[in-house]
Amino acid sequence: RTALALFTSDLRLHDNPVLHTALRTSDRVVPLFVLDTGIARAGFAAPRRAAFLAGCLADLDEGLRARGGRLVLREGDVVEEVCRVAAEAGAGEVHVAAGASGYAQLREARLRSALGAGGRRLTVHDAVVTVVAPGGVVPAGKDHFAVFTPYFRRWSAQRPRSMPAAPRRVDVPGVPGLPPPVVTAPPGLPKGGEREGRRRLAAWLRGGLARYAELHDDLAADATSRLSPYLHFGCLSPAEVVARARGAGGPGADAFVRQLAWRDFHHQVLAAVPGAAGRDYRARGDRWRRDADEAGAWREGRTGYPVIDAAMRQLAHEGWMHNRARLLTASFLTKTLGHDWREGARHFLDLLVDGDVADNQLNWQWVAGTGTDTRPNRILNPLVQARRFDPDGAYVRRWVPELAGVPGRAVHEPWRLDGARRPRYPAPVVDLAEAAARFRAARGLGGG
Ligand code: FAD
């Protein structure tokens with residue numbers, strides 16, 4: 001018996017129920033990845049993610065070769081390629097991980113019908129991409145949780161599923177495939193792949209995790225795991241990351257596991273409401289402002305608010321941004337400038353190595369107040385936030401060289417520096433008090 005294991009957002013050999021079940025229930029398995037031309041057409045391709053993905057595929061291929069197999073790589077429409085390979089290999093069954101996005105759900109439906117027409121079976125595995133499957137915990141009478149805290153309570157009480165070890169041997173039938181793609185990675189990009197992800201996870205559990213609770217919001221400390229791209233591509237199993245963090249224990253582990261629950265939370269919202277990738281999850285009747293100059297200043301990091309500019313330049317340079325900085329810049333665009341969250345989400349998806357439909361779109365909606373935040377009208381004041389989360393200004397000086405000579409927290413308000421000391425730096429694009437009043441008026445809220 002031959003089966004096909006279709007890799008999607010689970011580019012790993014450890015704790016991979018898709019590959020494990022395919023191997024357990026058949027004699028030979030085709031480990032297949034399709035460079036899906038539909039993803040680019042849907043607007044979700046980005047050069048940094050393509051480079052990271054190339055690293056993931058090369059690593060997966062090496063891992064399979066070390067076990068007597070190899071990765072079969074194809075390019076084209078994912079459904080057509082799966083059917084073609086299944087026919088070439090004489091495979092009767094295809095295994096795949098369930099995905100949350102509308103695109104993944106459509107892919108699953110198309111696969112089921114195309115394979116069924118050829119007398120083949122599709123088996124979809126839950127809880128591969130997330131720790132708890134979307135729909136695995138739900139409030140009475142509903143299909144998903146809309147509020148995080150009760151979700152987290154139920155999520156935390158779930159018993160972990162068993163985690164299969166990496167296979168010892170993989171026998172692959174002789175079907176042709178392409179060599180792993182070679183993509184020149186932009187400088188500074190983390191190396192993709194399971195081995196690198198596991199190395200980073202081990203280092204994180206030994207090192208940073210213990211102080212995560214106290215430092216994770218400190219912009220300059222840069223003390224978060226930076227595992228997000230490895231989780232996005234599934235080089236790491238989120239269930240394994242949670243289990244190992246829980247094993248380490250302590251307040252750092254608790255705070256870290258909570259963040260991973262946020263990841264599951266957004267996936268279960270998207271799985272139930274796939275349209276939330278593009279439409280307001282909760283319509284607030286917003287009439288978003290449009291201003292190309294303002295949007296350009298935000299994207300390019302020259303709003304005149306140093307903490308915002310530092311964050312946007314970090315994104316442009318590294319393809320990654322600290323979570324606190326993502327909150328600040330998203331709030332600045334949607335609430336301070338009053339621009340549509342989709343405009344910002346698009347820019348993030350173009351640049352982020354960890355760019356993820358569930359986490360990006362639903363975090364943007366959370367910040368914009370059209371999502372699941374239970375306080376949708378709060379505005380994050382960039383000055384107050386900068387003083388709190390970058391108290392000495394070190395984060396700003398790291399990313400905004402024009403201000404590198406300004407000591408201490410004075411760096412957050414360059415407009416207050418007197419003439420001779422004032423560096424060449426843009427004036428603020430907007431007055432914060434006026435912006436807050438404008439936002440409150442637009443939402444039909446009284447007072448300041
Ligand atoms: P850590 O602090 O070490 O957290 C560990 C892991 O938990 C992360 O790797 C991530 O998988 C998960 N996580 C942490 N915070 C969140 C969160 N708020 N929502 C969902 N998962 C979370 N994360 C993405 O993976 N892809 C995105 O496209 C993305 N876009 C975002 C856009 C906005 C506007 C905001 C506010 C947040 C976004 N996040 C996104 C969530 C979060 O900012 C990143 O996951 C985090 O900064 C990644 O760094 P880390 O791995 O060091 O995180």
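A residue is called buried if 20 or more other C-beta atoms lie within 10 Å of its own, exposed if 12 or fewer, and partly exposed in between, with C-beta atoms placed from the backbone. Keep that in mind as you look through these close-ups of a predicted model. In this model, local features need pLDDT of at least 70 and side-chain atom pairs count only at pLDDT 80 or more, while totals for chains, interfaces and linings use all residues. Residues are numbered from 1 along each chain as its sequence is written.

**View 1. Proline 31 in strand β2.** Strands (E, at least two residues) and helices (H or I, at least four) are DSSP runs, numbered from the N terminus. Is proline 31 buried or exposed? Proline 31 is buried, because 28 other C-beta atoms lie within 10 Å. Let us call two residues in contact if their C-beta atoms, placed from the backbone, lie within 7 Å. Setting aside neighbours within four places in sequence, proline 31 is in contact with Ala5, Phe7, Leu19, Leu64, Gly69, Leu71, Val72, Val170 and Val172. Leucine 60 is 29 residues away from proline 31 in sequence, and their C-alpha atoms are 9.7 Å apart in space.

View 2. The buried residues here include Pro17, Val18, Leu19, His20, Ala22 and Leu23 of α1. Buried residues of α1 pack against the strands β1, β2 (28-36), β4 (93-97) and β5. Aspartate 15 is not a glycine, yet its phi is positive, at about 40 degrees. Aspartate 15 counts as buried because it has 23 other C-beta atoms within 10 Å.

View 3. Alanine 127 has a positive phi of about 55 degrees, although it is not a glycine. With 20 other C-beta atoms within 10 Å, alanine 127 is therefore buried.

**View 4. Threonine 149 in helix α6.** Threonine 149 is exposed, because 9 other C-beta atoms lie within 10 Å. Threonine 149 and alanine 66 are 83 residues apart in sequence, and their C-alpha atoms are 44 Å apart.

**View 5. Where domain 1 touches domain 2.** The domain bounds come from an automatic or database domain assignment. For this chain, the assignment gives domain 1 (2-128), domain 2 (130-160 + 194-272) and domain 3 (292-442). The centres of domain 1 and domain 2, taken over C-alpha atoms, are 24 Å apart. How many residues of domain 1 are in contact with domain 2? There are 18 from domain 1, in contact with 19 residues of domain 2. The domain 1 side of this meeting place has nine nonpolar, four polar and five charged residues. Here Ala, Val, Leu, Ile, Met, Phe, Trp, Tyr, Cys and Pro count as nonpolar, Asp, Glu, Lys and Arg as charged, and the others, Gly among them, as polar.

**View 6. Helix α14 and its neighbours.** Of the 14 residues of α14, twelve are buried, among them Leu328, Phe332 and Leu333. The buried residues of α14 pack against α12 (292-300), α13 (306-318), α15 (341-351), α16, α17 (382-389) and α19 (432-442). After α14 comes glycine 338, with a positive phi near 75 degrees.

**View 7. Phenylalanine 439 in helix α19.** Phenylalanine 439 is buried, because 20 other C-beta atoms lie within 10 Å. Beyond its neighbours within four places in sequence, phenylalanine 439 is in contact with Lys335, Gly338 and Ile379. Proline 17 is 422 residues from phenylalanine 439 along the chain, and 47 Å separate their C-alpha atoms.
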